[in-house]
Amino acid sequence: MNQLKQLTKKQQRLAIGLMSGTCTDGIDAALVQISESGIHTKVQLIDFITIPYENELRTTLLQIASGTFGGSYEISKMNFLLGKLSANACLSICKKANISPSMIDFIGSHGHTIYHQPVEEEYFGQKITSTLQIGEAAVISETMKCPVVADFRVRDMAAGGLGAPLVPYSEFLLYSEADQNIALQNIGGIGNITFLPASGNMEHTLAFDTGPGNMIIDSLVSNFTNMQQTYDDNGKIAASGTVHKELLDWLLKDPYVYAKPPKTTGREYYGAEFVDKLCQKAASYHLSFPDIIATATMFTAKAIEINVLQNLPKLPDKLIVGGGGSQNNTLMKFIARCLPMCKVMTNEDIGFDSNAKEAVAFAILANETIFGNTNNVPSATGARHTVVMGKITI
């Protein structure tokens, strides 16, 4: 505990934020300098890298996340393997930034979600929710010789929340404007949006998952190219196709898109089974591969449009898009076409890094944990009250 007390006394702290998202592309590592805490937090991004997963590892992770593959033996091994890969990502970002690993004060690691069940289900006579993120924090701490904060979602869920989304806390600190209604649309595997009202406070922040982000598109590209490609680079495939109205109308019958927040979703909903049904429907229309990708891309954009218009209290003055989807030029054009009344822009337009955004968020959340500050947003997750999320490994 003395180690944590010493950290809180430092004027500036070097930290690494780690993120492995539902796209299962790899591990993102953001090296940041943080000072103070709470609403006074100041963060500077020093460097960022992504360490991609090998195809075989990515395939196994996707199988485990499906909930139908691998028992405790497989999950136990993967937990320690991801811990080791996360530690290696920390060492890599230190090498890239030309700093000694001994200079790192702490690490915030989201881990990799292999299952997320935010809706209560009956289990042995009890109604429970559950979530499981792996990437053993002890392995990271042993390698880096510093505290690691991980396993953030479970505390919010214990307090009745959905355990997601988690980034609104950091987004409020970094993006709020006194005279503008700001919406932050992250497009990773899943799309999620945060609404920051002008002159608002943390209690007025609203956030929820809008529906699919890149997950369906990536799965389709992987399937049709036999894993030769795992995503639509800059939306080139979608740009060469045509959106098919009937298939899009079928996709837009998806009830999750219209559900009211708080709400969260993931691979358990938009995974292999959803994609298989989509492919079967597309086959009935005899669609080409580019037309299917174009339609799936428009589905992501339309899901964002529907949620902005139906689930936000006000139209945002700015819609700032981050995550890997912000680099898909076709998707960005579709979003701008769907929401002509908003100024659609990317994090890069305001001097931030879209790719680093979520990894930075977990460094910020870990900083709050170390200070003992509450770091969930009940208006976003539906929790009964604020809590301190994250387990600390020293």
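Does Thr22 count as buried, partly exposed or exposed, and what is its relative accessibility? Thr22 counts as partly exposed, at 25% relative accessibility, where buried means under 20% relative accessible area, exposed over 50%, and partly exposed in between (1.4 Å probe, protein chains only).

This is a predicted model, in which local features need pLDDT of at least 70 and side-chain atom pairs count only at pLDDT 80 or more, while totals for chains, interfaces and linings use all residues. Residues are numbered from 1 along each chain as its sequence is written, and side-chain values use heavy atoms, with hydrogens and water left out.

Thr22 lies in the loop between β1 and β2; helices (H or I, at least four residues) and strands (E, at least two) are DSSP runs, numbered from the N terminus. Contact means heavy atoms within 4.5 Å. Leaving aside neighbours within four places in sequence, Thr22 is in contact with Gly189, Ile190, Met215 and Arg267. Gly21 sits in the loop between β1 (12-20) and β2 (26-35) and is partly exposed, with a relative accessible area of 25%. The hairpin has five residues between its strands, and Thr24 takes a positive phi near 60 degrees there.

An unreviewed UniProt entry lists Gly21, Thr22, Cys23, Thr24, Asp25, Gly26, Ile27 and Asp28 under "binding site". UniProt positions are given in the numbering used here, feature names are shortened, and annotations may be inferred rather than shown by experiment.

Strand β1 is mostly covered, with eight of its nine residues buried. Two strands pair if DSSP finds at least two bridges between them. β1 and β2 run antiparallel and are joined by eight bridges, with Ala29 in β2 as the bridge partner of Leu18. β1 also pairs with strand β4 (residues 106-123), in the parallel sense and over five bridges; here Leu18 stands opposite Ser109.

**Thr194 and the cores**

Thr194 belongs to strand β8 (residues 190-196) and is buried, at a relative accessible area of 1%. Its side chain makes a polar contact with the side chain of Glu171 (2.3 Å). A polar contact is a pair of N or O atoms within 3.5 Å; within protein, one must be able to donate a hydrogen and the other to accept it, and residues adjacent in sequence count only if both atoms are side-chain atoms. Not counting residues up to four places away in sequence, Thr194 touches Pro168, Glu171, Ile182, Ala183, Leu184, Thr205, Leu206 and Ala207.

A nonpolar core is a set of buried Ala, Val, Leu, Ile, Met, Phe, Trp, Tyr and Cys residues joined through side-chain atoms within 4.5 Å. The largest has 47 residues, and Ile216, Tyr270 and Phe299 have the most contacts inside it. Helix α13 (residues 289-311) supplies the largest share of this core, eleven residues. Another core, of 38 residues, lies apart from it and includes Tyr169, Ala207, Ala359 and Phe362.

**Backbone features in loops**

| Residue(s) | Feature | Value |
|---|---|---|
| Ala164 and Pro165 | cis peptide bond | omega about -10 degrees |
| Pro261 and Pro262 | cis peptide bond | omega about 5 degrees |
| Asp151 | positive phi | near 55 degrees |
| Asn226 | positive phi | near 55 degrees |

Pro165 is found in the loop between α5 (153-158) and α6 (168-175), and Pro262 in the loop between α10 (255-258) and α11 (267-270). Asp151 lies in the loop between β6 (148-150) and α5. Asn226, in the loop between α7 (215-224) and α8 (236-239), is exposed, with a relative accessible area of 62%.
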